[in-house]
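Have the sequence and the 3D view ready.

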Amino acid sequence: MARNAIVVGAGIAGLATARALAVQGYSVKVFERNGIASGASVRNFGMIWPVGQPDGVAYETAMRSRRIWESLCRDAGIWFETCGSLHLAYHEDEWQVLQELKGAYPERPLRLLTNGEVNKISVNAVSEGLLGGLYSDTEMIVDPRDAIAKIPGYLTSKYAVEFHWNEPVTAISLPDVTTSKGTYATQEVFVCSGVDFETLYPEHYAAAPITRCKLQMMQLSAQEARMGPALCGGLSLGHYKSFEAAPSLGKLKNRYDLEYPEYKKYGIHVMVSQNQSGQFTIGDSHEYGPHPDPFDKAGINKLILNYLGTFAGFHNATVMESWHGIYPKLTNGESWLLMRPAPGVTVVNGFGGAGMTLAFGMADRLID
Ligand SMILES: Cc1cc2nc3c(=O)[nH]c(=O)nc-3n(C[C@H](O)[C@H](O)[C@H](O)COP(=O)(O)OP(=O)(O)OC[C@H]3O[C@@H](n4cnc5c(N)ncnc54)[C@H](O)[C@@H]3O)c2cc1C
């Protein structure tokens, strides 16, 4: 008889875990509190971003995720773009960091590009004052709203995964899992409940090195032409762990701290991806703490747009939407959180700003 498992939450962590279990022959039920997943997994850039992961398990997991994303999207008919990423340098110290990164990761498909070469692959990169860019071939973009909505249907048709929408899990005492609508018997449970630390195993969350991070995002109106690689300005160099491999990064960050105190205060760095409809997703800020306030700050959006203008140009673009997302963030520097609060129960959480990049690979490793 097939082993069975229940997954709590239909964000990317829950979907990735459900997929990995189903691939291993489990009979899987997924319970999602809402009628559609509407947490961090639909509020992000859709960037599958191995370039931001340091060498070792994190990078290998990101690359494993990327392979799964690509084959799943092809199989399920979900839009994606293997566009790569481009970090741009307008100051000597940024260019220095990009050159050091190219040297630090000789095994990765990275290329240093001149101003002219950047212009050939990016219609939106600002060319004035551009010293060069670091192109990475490994990044791909999905449209998170589209992908997260379609993956459940795909998992149901391919692996008979059963989805229960509008049905929060309220208690787990194996073999029983209690929801708002009834009790289900199962052998294993995987709790992928994102920023809800209060409903299931609150005492374990209270003891875990985890907090919350609130991020503000915007969407700009569509452009017909594809933008090419997803774009990042210099501030992003201070954001991802992999970039710490550059010896002169510390000096660059000191300059940013002096020149951009407001950006430091709100943890702002600026990136842009283009979705399947041609719209641009831009962000973001990072405000950490256990109780993020529910109100978005117009000043943060202005800072993001101002910095965006230093490296990317969008003809006649207007802001169509703004929103914020919240993700759980580990405070111990780890890439994800696995807890086993009871026999047969595993909590999968804490991907920080890289859940889209890491979840598929991590779940595959876990269930393997
Ligand atoms: C603005 C922003 C930009 C980001 N950009 C990127 C990016 O470009 N690339 C990248 O790799 N990562 C990015 N991230 C990070 C990524 O989005 C997250 O790491 C990831 O979405 C977390 O997924 P999750 O499934 O753990 O959480 P969620 O997406 O929040 O899903 C958790 C789900 O569990 C459900 N749930 C909770 N409790 C229960 C319960 N008791 N019963 C039933 N259901 C329950 C919730 O309703 C929710 O749908 C970004 C995040 C944000 C906020």
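A cavity here is found on a 1 Å grid over the protein atoms alone, as a set of points where a 1.4 Å probe fits but cannot get out, and lining residues have an atom within 4 Å of a point. Grid points are joined across faces, edges and corners, and the volume is the space filled by probe spheres set on the points.

Before going on, keep in mind that this is a predicted model: local features need pLDDT of at least 70, side-chain atom pairs count only at pLDDT 80 or more, and totals for chains, interfaces and linings use all residues. Residues are numbered from 1 along each chain as its sequence is written, and side-chain values use heavy atoms, with hydrogens and water left out.

Back to that second largest cavity: V51, L101, Y105, R108, L110, L134, S242 and F243 line it. Sorted by class, that lining has 6 nonpolar, 1 polar and 1 charged residues. (Ala, Val, Leu, Ile, Met, Phe, Trp, Tyr, Cys and Pro count as nonpolar, Asp, Glu, Lys and Arg as charged, and the others, Gly among them, as polar.) The largest cavity has a volume of about 60 Å³, and its lining has 3 nonpolar, 4 polar and 2 charged residues. Among the residues around the largest cavity are D143, W323 and R145.

Helices (H or I, at least four residues) and strands (E, at least two) are DSSP runs, numbered from the N terminus.

What does D75 pair with? Its side chain forms a salt bridge with that of K158, at 2.8 Å from N to O. D75 sits in helix α2 (residues 57-76) and K158 in helix α5 (residues 144-159), so parts that are 83 residues apart in sequence are tied together.

R255 and E259 form a salt bridge too, with their closest N and O atoms 2.9 Å apart. Both are in helix α7 (residues 249-259), 4 residues apart, or about one helical turn. Is R255 buried or exposed? R255 is buried, with a relative accessible area of 16%, while E259 is partly exposed at 45%. (Buried means under 20% relative accessible area, exposed over 50%, partly exposed in between, using a 1.4 Å probe and protein chains only.)

Terms used. Salt bridge = Lys/Arg side-chain N within 4 Å of Asp/Glu carboxyl O. 1 Å grid on protein atoms, 1.4 Å probe; cavity = no way out; pocket = protein on both sides within 12 Å on 5 of 7 lines; lining within 4 Å.
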